[in-house]
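Have the sequence and the 3D view open side by side for this one.

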Amino acid sequence: MKAVRYSLGLVLLWMLAACSPPPLHQQQAYVFGTLVEVSIYGAPEPQARQAAAAVLARFDELHRTLHAWQPSDLSRLNTALAQGERASVPPELAAMLRDAQTLSIQSNDLFNPAIGGLIALWGFHSDAPQARVPDATAITGWVNKRPRMADLVIEDDTVTSANPAVQLDLGGYAKGHALDDAVAILKTHAIDNALVNIGGNVIALGAHGERPWRVGIQHPRQPGTLATLDLRDGEAIGTSGDYQRYFEADGRRYSHLIDPRTGFPATGMQSLTVLVAGEQAGTRSDALSKPLFIDGAAQLANHASRLGVAHYLAVDGASQIHVSPAMKARLR
């Protein structure tokens with residue numbers, strides 16, 4: 001058995017010349033279990049530094065609020081839900097849970113942040129996961145309990161659950177939400193042009209000088225990029241991949257992207273990238289890549305259309321590439 005592997009490199013590698021011009025300011029940090037980078041173009045250095053620092057501080061705040069297995073507002077809520085108790089939560093967390101509920105319903109529960117207990121069973125609620133396949137009976141037990149976001153009852157800032165099996169894990173939502181927050185923060189600091197990258201979840205603000213921000217979509221099995229893409233103002237990309245966080249046992253790869261219908265990690269895809277624009281582009285790009293990855297290639301076009309995702313690029317379990325017509329027109 002191989003040890004658990006984490007993809008610490010960026011899922012999407014944004015590409016600039018090695019010698020960037022002076023107007024480009026960059027700051028990095030390690031948050032949400034991955035490398036994050038804020039790149040600001042064309043602003044005075046003090047202004048750019050202050051804006052980037054504010055973004056990174058917000059990321060750290062969200063990380064501490066939404067951590068699934070260390071003390072946080074979310075973990076305290078999970079404790080209350082498991083005990084069948086009513087819990088008061090910060091208004092911001094209540095709003096995020098309502099939003100996640102809506103996205104979960106739209107995806108027919110394939111985007112399901114309520115399966116935190118199942119994710120923990122697979123060993124992905126640890127900085128050093130157990131790297132072993134759980135007992136089949138235990139997996140079946142969690143699947144039969146059917147924890148769903150619809151089980152949550154959110155009244156103002158009070159949360160209860162009709163199902164004590166609900167354990168929340170917002171790992172498939174938090175990075176996208178953070179991207180939207182980053183754009184709002186940058187705008188309050190009068191930043192017009194920036195690129196924010198949270199481990200491959202990326203959002204663009206303005207442009208990189210006279211050209212758009214260019215990103216590369218990482219190949220799931222080979223070094224380097226699968227394709228490159230120019231991001232326009234307000235566009236975001238999100239990628240789900242089985243190479244980001246996984247372990248191998250008996251020659252088989254088990255990723256953290258678990259199909260709530262079976263209780264096992266999804267195997268039909270190696271990676272799936274979506275491009276989203278408009279309101280909550282960051283949040284939607286993060287959350288909507290999950291159900292499309294989990295459901296596999298057979299229904300990809302129909303499922304993407306139903307979710308309102310026109311731009312996608314996927315590599316299925318057999319290494320076949322699937323590209324929507326709209327995304328094909330955008331790739332370089």
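Eight strands make up an open sheet, and going across it you meet them in the order 3-4-8-9-12-15-16-17, with antiparallel pairing. Strand 3 and strand 17 (321-323) are the edges; each has a single partner strand, so one side of each is left without a neighbour in the sheet. On average, neighbouring strands here are turned by 10° against each other, ignoring direction. Keep in mind that all of this is read from a predicted model.

Let's start at the strand 3 end. Strand 3 (24-31) pairs with strand 4 (residues 34-41) in the antiparallel sense, over eight bridges. If you want a landmark in that pairing, look for H25, whose bridge partner in strand 4 is I40. The hairpin these two strands make has two residues between the strands, and F32 there takes a positive phi near 60°.

Further in, strand 9 (residues 201-205) and strand 12 are antiparallel partners over two bridges. Here V202 stands opposite I237 of strand 12.

## Helices on that sheet

Helix 7 packs on the sheet and touches strand 9, strand 12 and strand 15 (269-276). Its direction makes about 150° with that of strand 15.

Helix 6 lies across strand 4, strand 8 (194-198) and strand 9. Against strand 9, helix 6 runs at about 20°.

Strand 6 and strand 7 (residues 158-161) are joined in the antiparallel sense by four bridges, and V153 has T160 in strand 7 as its bridge partner.

## The largest pocket

Now for the largest pocket, with a volume of about 1,100 Å³. Its lining takes in 45 residues, and the ones nearest the centre are F32, D169, G171, R245 and H256.

Which elements each supply at least two residues of the lining? They are strand 3, helix 1 (45-66), helix 6 (174-188), strand 12 (236-241) and helix 7 (281-295). By residue type, the lining divides into 22 nonpolar, 17 polar and six charged.

The chain's average pLDDT is 92, and 93% of the residues score at least 70. The stretch to watch is residues 1-21, where the pLDDT is below 50. In the model, that stretch still has 71 contacts beyond near neighbours in sequence.

How values were computed: Residues numbered from 1 in each chain as written. Predicted model: local features only at pLDDT ≥ 70, side-chain atom pairs only at ≥ 80, totals over all residues. Heavy atoms only, no water. 1 Å grid on protein atoms, 1.4 Å probe; cavity = no way out; pocket = protein on both sides within 12 Å on 5 of 7 lines; lining within 4 Å. Points joined across faces, edges and corners; volume = space filled by probe spheres on them. Nonpolar A, V, L, I, M, F, W, Y, C, P; charged D, E, K, R; others polar. Pairing = 2+ DSSP bridges. pLDDT = per-residue confidence, 0-100. Contact = heavy atoms within 4.5 Å. Axes fitted to C-alpha atoms, helices over the stretch in contact; angles between N-to-C directions.
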